[in-house]
Every structure is written in C-alpha cells, then in structure tokens.
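Subject: Structure handover

Hello,

Please find the structure below. My notes on it follow.

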Amino acid sequence: MIVSTTPSLEGRPAKEYLGIVTGEVIVGANLFRDLFASVRDIVGGRSGAYEDVLQRAREQAIAEMRTRAATLGANAVVGVDLDYETVGSSGSMLMVTASGTAILY
C-alpha cells in the first residue's frame, strides 16, 4: 500500500475516495529513560532512547492507519499528516497520530 503526504499520486488518478483513516499510538516514557534523557540534556547531544520510542510510535501509527485503509478496500493513503502531542497530567505520555485519505487508484 502506498502512503504519501502528497494530496494525490502522480500518474495514478484516484478512482474512489474511501474516507479519512487514522492510526493512534500512546506511549509512556519510563523513569530510566527520563533520567538518561535529563543527563543528555545537561551534557548535550541527542537522546537515542527517546528517538527510538518516537520512531516506533510513528511506525505503529502508520501501520494502524494502513490496516484501517485496507479494511475499506483502499490501496493507498494520501494527504498523510503526522501529529505529536504530550498527554497525561504530567505530560509523561506521548500520542502519535497518523491521518490521511484512503483511496482506490
């Protein structure tokens, strides 16, 4: 299944628009990761632990969106947008949302 941030696929006109599809993932950060990220912030550099969590969450959100599109009979999702938001009383959880339009081309 093609997933694209563009509103259409060049050379492949949409035969049918099947609707908006989304995928959402909420992940929590654990205490040790927070501690090491704080140390990195003080010393400088990138936080590989957080980057790994963020990458996995993004991939899972896109996979969930693809699954929902396939359920509708789509073979592509266009206009994909990724959103990131902290949730929870202390902002200790990260929500990643992927949304787009399922199409049949």
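**Findings**

The protein's accessible surface is about 6,700 Å², and carbon and sulfur atoms hold 56% of that (Shrake-Rupley method, 1.4 Å probe; for residues, only the protein chains shown count as cover).

This is a predicted model, in which local features need pLDDT of at least 70 and side-chain atom pairs count only at pLDDT 80 or more, while totals for chains, interfaces and linings use all residues. Residues are numbered from 1 along each chain as its sequence is written, and side-chain values use heavy atoms, with hydrogens and water left out.

There are 2 helices and 4 strands, in the sequence pattern β-β-α-α-β-β (DSSP runs numbered from the N terminus: helices are H or I with at least four residues, strands E with at least two).

The 4 strands form an open sheet with mixed pairing and the order S1-S3-S4-S2 (strands pair if DSSP finds at least two bridges between them). S2 pairs antiparallel with S4 (residues 93–104) over 12 bridges; valine 27 is opposite leucine 94 in S4.

Of the 105 residues, 25% are buried (under 20% relative accessible area, 1.4 Å probe, protein chains only). Threonine 97, in strand S4, counts as buried because its relative accessibility is 17%. Leaving aside residues up to four places away in sequence, threonine 97 touches Gly23, Glu24, Asp81, Leu82 and Asp83 (contact means heavy atoms within 4.5 Å). Among contacts in the protein with a separation of 6 or more, 75% are between residues 24 or more positions apart.

Regards

Notes
Buried means under 20% relative accessible area, exposed over 50%, partly exposed in between (1.4 Å probe, protein chains only).
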